[in-house]
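Reader: I would like to go through this model with you, beginning with the charged side chains. Could we look at it together?

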Amino acid sequence: VCEQNCEPRCHRPKCETRCPKATPAQYEKCKVECGEPECQMFCPKDPCQGKKTLDCNTPACKTVCEKPKCKFTCSDDLDCTSVCPQPQCEWKCEKPTECPKPECRMICEKPPNCDTAPTAKPLKEGESVVRTEHAKKGEAKHTVGEWGQCSSQCGTGKQTRSVKCTAGDGTCSDLGMERPASEKSCEDYTGCKDGGYDVGPWGTCSAQCGEGTQSRNVTCSNKKKCIGDKPDTERTCTHDAAECHSCKATIYGGPSFDGWSLELKPGDYTSSTLEHMGAKCDDVSSLKVYGYYCHLKGYEFGDFNQEHNGWSATFDRGEFKQAAMVKGGAKDNDMSSCKVWDTKDKDKAARSGTLASSGFFAAALAALVFTSK
């Protein structure tokens with residue numbers, strides 16, 4: 001069979017608008033008003049549907065109807081429907097062209113036992129035909145919606161959109177039409193925490209007591225996903241532990257931190273005072289100093305070495321066994337007197353003095369400038 005030039009020739013089916021039957025009492029002096037049935041015919045473009053011969057099932061045309069708009073002038077809208085039979089179609093073919101010799105011709109035969117013209121579905125019980133209209137010829141095509149939002153707001157995700165066939169679901173594919181994509185991959189970083197930067201934890205405060213600074217690592221491993229200002233890498237912090245407000249020391253005798261002990265508050269302690277409090281001055285084996293601003297200074301002799309020249313050693317916050325005490329300057333365990341003091345108030349006074357001096361020099365400089373004018 002040579003290539004042929006065929007197109008469907010259809011007899012437009014008569015479509016009906018059907019509404020529920022009314023009783024005289026219900027619809028007395030009422031009139032049914034219906035728009036014409038909106039029906040369209042859709043036929044394939046390929047007459048042979050990929051086959052070499054035509055059969056009784058081609059052309060495979062179909063009718064698609066929209067629901068009619070019907071109403072009574074005296075009541076609410078009715079639940080009406082449009083009903084159309086399948087169109088009765090046949091191929092209209094021209095003589096084949098560009099055929100090699102011997103000359104070919106196309107023969108369209110009507111196969112036996114073909115169905116007769118299709119008819120509309122029978123009326124349902126309680127339905128009546130209120131209007132008829134011939135179906136219009138339509139063109140099947142896909143309609144697409146807008147792409148939706150990316151499924152991820154911090155990385156890769158998917159976007160979807162609606163894809164519909166104007167001739168009804170499945171009709172476009174039955175007619176050999178390729179369906180447009182309804183899903184695609186996407187990237188979105190607008191919802192990333194901290195603008196997509198890799199932010200590390202804050203470090204420890206630089207100050208043991210009072211105000212200091214903290215730092216953290218902030219990096220961008222993938223430049224295209226980092227947006228906005230870079231998060232701070234440094235901030236101020238305040239460390240206000242209990243040791244910032246306390247000062248005390250404890251001296252021990254016998255085994256380290258396990259023999260007799262004596263707790264000392266800030267003050268000066270002579271040998272007689274220590275002995276009166278229960279200490280054995282010739283057997284001080286270890287000591288503890290508690291408080292960030294707390295210090296203890298031990299002396300070899302009971303008058304703070306005022307009358308005799310002996311060793312002295314100062315210990316800041318921490319724990320000190322015999323070896324650590326020797327390393328700190330205590331040549332033996334004979335500590336006959338000591339002093340405990342807190343430097344926090346002195347530090348505040350020093351800072352206040354610096355501020356006062358700054359204020360004095362600023363005032364003096366202002367006066368000098370005023371005088372020079």
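Author: Let us begin with Glu183, which has a relative accessibility of 45% and therefore counts as partly exposed. The terms are: buried under 20% relative accessible area, exposed over 50%, partly exposed in between (1.4 Å probe, protein chains only). This is a predicted model, in which local features need pLDDT of at least 70 and side-chain atom pairs count only at pLDDT 80 or more, while totals for chains, interfaces and linings use all residues. Residues are numbered from 1 along each chain as its sequence is written, and side-chain values use heavy atoms, with hydrogens and water left out.

Reader: Which residue forms a salt bridge with Glu183?

Author: The partner is Lys158, with the closest N and O atoms 3.5 Å apart. The two sit in distant parts of the chain, 25 residues apart: Glu183 in strand β14 (residues 183–188) and Lys158 in strand β12 (residues 155–160). A salt bridge here is a side-chain nitrogen of Lys or Arg within 4 Å of a carboxyl oxygen of Asp or Glu. Strands (E, at least two residues) and helices (H or I, at least four) are DSSP runs, numbered from the N terminus.

Reader: How many salt bridges does the structure hold?

Author: The count is three. Another one joins the side chains of Glu243 and Arg317, at 2.9 Å from N to O. This pair also links distant parts of the chain, 74 residues apart: Glu243 is in the loop between β18 (234–239) and β19 (248–252), and Arg317 is in the loop between β24 and β25 (318–320). Glu243 is buried at 15% relative accessibility, whereas Arg317 is partly exposed at 37%.

Reader: And what is the N to O distance between Glu319 and Lys288?

Author: Their side chains meet in a salt bridge at 3.7 Å. Glu319 belongs to strand β25 and Lys288 to strand β22 (residues 286–290), so the pair ties together parts 31 residues apart in sequence. Glu319 is exposed, at 55% relative accessibility; Lys288 is partly exposed, at 29%.

Reader: Turning to β24, which residues are on its covered face?

Author: In strand β24 (residues 312–315), Ala313 and Phe315 form the covered face, while Ser312 and Thr314 form the uncovered one. In a regular strand the side chains alternate between the two faces of the sheet. Strand β23 (residues 294–299) pairs with β24 in the antiparallel sense over four bridges, and Gly298 has Ala313 as its bridge partner. Pairing requires that DSSP find at least two bridges between the strands.

Reader: Which residues touch the most other members of the largest nonpolar core?

Author: Among them are Phe315, Leu296 and Val340, in a core of 24 residues. Strands β19, β20 (261–264), β22, β23, β24 and β26 (337–342) each supply at least two of its residues. Such a core is a set of buried Ala, Val, Leu, Ile, Met, Phe, Trp, Tyr and Cys residues joined through side-chain atoms within 4.5 Å. Leaving aside neighbours within four places in sequence, Val340 contacts residues including Cys247, Leu264, Tyr269 and Leu296; contact means heavy atoms within 4.5 Å.

Reader: Where is Ser336?

Author: Ser336 lies in the loop between α4 (322–328) and β26. Its relative accessible area is 12%, so Ser336 is buried.
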